[in-house]
Amino acid sequence: MRQYAVRQIRQENRSPYMSTTRMTRRATLLGAAATLAAPALARAQSTDAFPQAETAIRDQVPVRRNISSFLQQNWQDHFETLGVGCLLADISSRAVHYWGADGSYKLYPSSVPMTEELTRRGYTEVVRKTVNPSWTPTASMRERDPTLPVRMEGGEVGNPLGTRAMYLTWPAYLVHGTHDTRKIGRQSSSGCIGLYNQHVEELYELVQVGTQVRLL
């Protein structure tokens with residue numbers, strides 16, 4: 001009887017301590033796991049296509065460069081009618097929105113102009129489309145970089161217009177593809193809006209001459 005009582009007392013004295021120890025150890029392990037996972041989570045929320053460390057193109061709070069910037073918009077907020085289609089290039093969020101005359105909707109990540117001086121905003125429209133466009137650098141481009149060629153043929157390695165181009169009423173302003181995928185999601189163009197080649201090829205088939213365009 002005495003041995004039973006002693007064993008019971010020991011068990012009662014030991015149980016809370018062991019339970020607390022197990023809980024503390026478990027909490028410590030969970031905390032360590034969360035700490036180790038944090039950098040991976042941060043990396044998952046910010047990819048190379050959406051750099052974090054750039055100065056905003058406007059004098060405003062920078063937009064966080066991740067998928068949360070890609071919010072669906074309504075064409076009615078930017079255009080009076082759909083017409084043959086509408087295209088919105090949102091420079092702040094670096095995204096291109098397209099609405100077809102049939103009500104279809106597409107959303108793509110894009111590159112945007114490097115500086116505010118190179119940026120033009122307002123309404124225009126698509127006046128011409130080209131497969132494998134040639135590229136002729138403007139005089140200002142060649143002034144900034146004298147090593148640029150006078151002209152580069154379509155399909156030529158290094159052609160910055162990619163596989164498709166849609167020309168606007170504004171001279172030297174285009175929506176086009178790019179072979180340099182590092183540019184997408186960045187302030188990297190001389191005024192144009194750039195897309196991944198696979199995206200511009202898809203958009204090219206949808207966009208008609210006369211499509212309304214707004215650069216916002």
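The strands involved are β5, residues 122–131, and β10, residues 212–215; they run antiparallel and are joined by four bridges. Strands here are DSSP runs of E of at least two residues, helices are runs of H or I of at least four, and both are numbered from the N terminus. Two strands count as paired if DSSP finds at least two bridges between them.

A word on the source. This is a predicted model, in which local features need pLDDT of at least 70 and side-chain atom pairs count only at pLDDT 80 or more, while totals for chains, interfaces and linings use all residues. Residues are numbered from 1 along each chain as its sequence is written, and side-chain values use heavy atoms, with hydrogens and water left out.

Now the sheet. It is open, has eight strands with mixed pairing, and its order reads β3-β2-β1-β10-β5-β6-β7-β9. At the edges are β3 (105–109) and β9 (193–196), each of which pairs on one side only. From one strand to the next the twist averages 25°. Helix α3, residues 197–206, packs on this sheet and touches β1 (85–90), β2 (95–100), β3, β5, β6 (164–168), β7 (174–178) and β9. Contact means heavy atoms within 4.5 Å. The direction of α3 makes about 105° with that of β9; axes are lines fitted to C-alpha atoms, for helices over the stretch in contact, and angles run from 0 to 180 degrees between N-to-C directions.

Next, β6. How many of its residues are buried? Five of five, where buried means under 20% relative accessible area, exposed over 50%, and partly exposed in between, with a 1.4 Å probe and protein chains only. On one side these are Arg164, Met166 and Leu168; on the other, Ala165 and Tyr167.

As for its neighbours, β6 pairs with β5 in the antiparallel sense over five bridges, and Arg164 in β6 is the bridge partner of Val131. With β7 the pairing is also antiparallel, over three bridges, and Met166 stands opposite Val175 of β7. Five residues lie between the strands of the β6–β7 hairpin, where Ala172 takes a positive phi near 70°.

Last, the cysteines. Cys86 counts as buried because its relative accessibility is 0%; Cys192 does so at 9%. Zero disulfides turn up in a search of the whole structure, a disulfide being a pair of cysteine sulfur atoms within 2.5 Å.
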